[in-house]
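Please open the model in your viewer and keep the selection panel to hand. The stops below are meant to be taken in order.

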Amino acid sequence: MLVAEVHKRGTERACRVVQDDPRLRLVGCVSNAAEAVSAAVELRPSVCVIDSDLPFGGLTAALEIGARLPTAGLVLRHATRDDDLFEALHAGVTAYLPRTAPDSRLLRAIVNVAAGEAVLSGTQVARVLEAVRDPARARRRVADRPELTAREWQVLELLRSGLTTAEVAERLVLSPITVRSHAHSIRRKLGAASREEALAS
């Protein structure tokens with residue numbers, strides 16, 4: 001587990017939380033984007049927790065780490081506003097939560113991401129659905145931008161309603177692995193369109 005957060009007095013909460021949890025192994029704690037990318041490449045952690053306000057750009061670090069370590073889970077901690085949600089998804093972020101989230105929520109997100117799951121709030125999933133369903137976007141169909149399948153829509157709707165991966169699997173009579181595969185496909189497809197949506201906002 002690699003944590004990259006702004007190191008000011010009283011702000012190193014994520015490092016402490018990860019270090020104190022016996023389920024997790026902290027391999028590094030850095031304080032800027034350049035260090036985050038360098039440490040990730042060297043240490044190859046399974047999950048990186050990144051603060052969006054890192055010096056030199058937390059989102060930039062996430063994008064670079066995602067490109068170099070495509071199997072690593074990325075947890076992005078953002079400020080109160082979540083204006084960069086779509087850009088974060090495009091960068092490969094799999095969990096997007098406010099910096100003020102309780103320790104228990106941060107730990108749950110890390111554990112879920114390590115298990116291959118995505119973590120978005122119901123409100124964030126609703127924003128993603130709204131962007132994907134934008135009629136203007138539907139008219140801009142491009143051959144290399146695949147649409148969601150009917151099954152992927154089912155999975156996305158159920159995840160939006162707050163069901164866990166296991167509950168979605170039970171509801172749709174699928175294995176949890178298949179549900180995770182659908183979730184990964186959804187994330188990949190939405191990420192391909194998210195930059196345009198972010199620029200248009």
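This is a predicted model: local features need pLDDT of at least 70, side-chain atom pairs count only at pLDDT 80 or more; totals for chains, interfaces and linings use all residues.

Residues are numbered from 1 along each chain as its sequence is written, and side-chain values use heavy atoms, with hydrogens and water left out.

**The sheet**

Select the five strands of the open sheet, which follow the order S2-S1-S3-S4-S5 with parallel pairing; strands are DSSP runs of E with at least two residues, helices are runs of H or I with at least four, and both are numbered from the N terminus. Two strands pair if DSSP finds at least two bridges between them. S2 (28-30) and S5 stand at the edges, each with a single partner strand, so one side of each has no neighbour in the sheet. On average, and with direction ignored, neighbouring strands are turned by 15° against each other; axes are lines fitted to C-alpha atoms, for helices over the stretch in contact, and angles run from 0 to 180 degrees between N-to-C directions.

Next, select strand S1 (residues 2-4), which is joined to S2 by three bridges, the two running parallel, and find Val-3, which stands opposite Cys-29 in S2.

**A helix pair**

Two packed helices are described by the angle between their axes and the distance between the axes. Select helix H2 (residues 33-43) and helix H3 (residues 58-68), which pack at an angle of about 15° with their axes 9 Å apart. H2 and H3 are therefore roughly parallel, a term for angles under 35 degrees. The residues making the contact are Ala-33, Ala-36, Val-37, Ala-40 and Val-41 of H2, together with Ala-61, Glu-64, Ile-65 and Arg-68 of H3.

**Two single residues**

Is Thr-94 buried or exposed? Select Thr-94 in the loop between helix H4 (85-90) and strand S5 (95-98): at 9% relative accessibility, Thr-94 counts as buried, where buried means under 20% relative accessible area, exposed over 50% and partly exposed in between, with a 1.4 Å probe and protein chains only. Leaving aside neighbours within four places in sequence, Thr-94 has contacts that include Gly-73, Val-113 and Arg-187.

Finally, select Gly-122 in helix H6 (residues 122-132), which is partly exposed with a relative accessible area of 38%.

Note on methods. Contact means heavy atoms within 4.5 Å. Angles under 35 degrees count as roughly parallel, over 145 as roughly antiparallel, 65 to 115 as roughly perpendicular and the rest as oblique.
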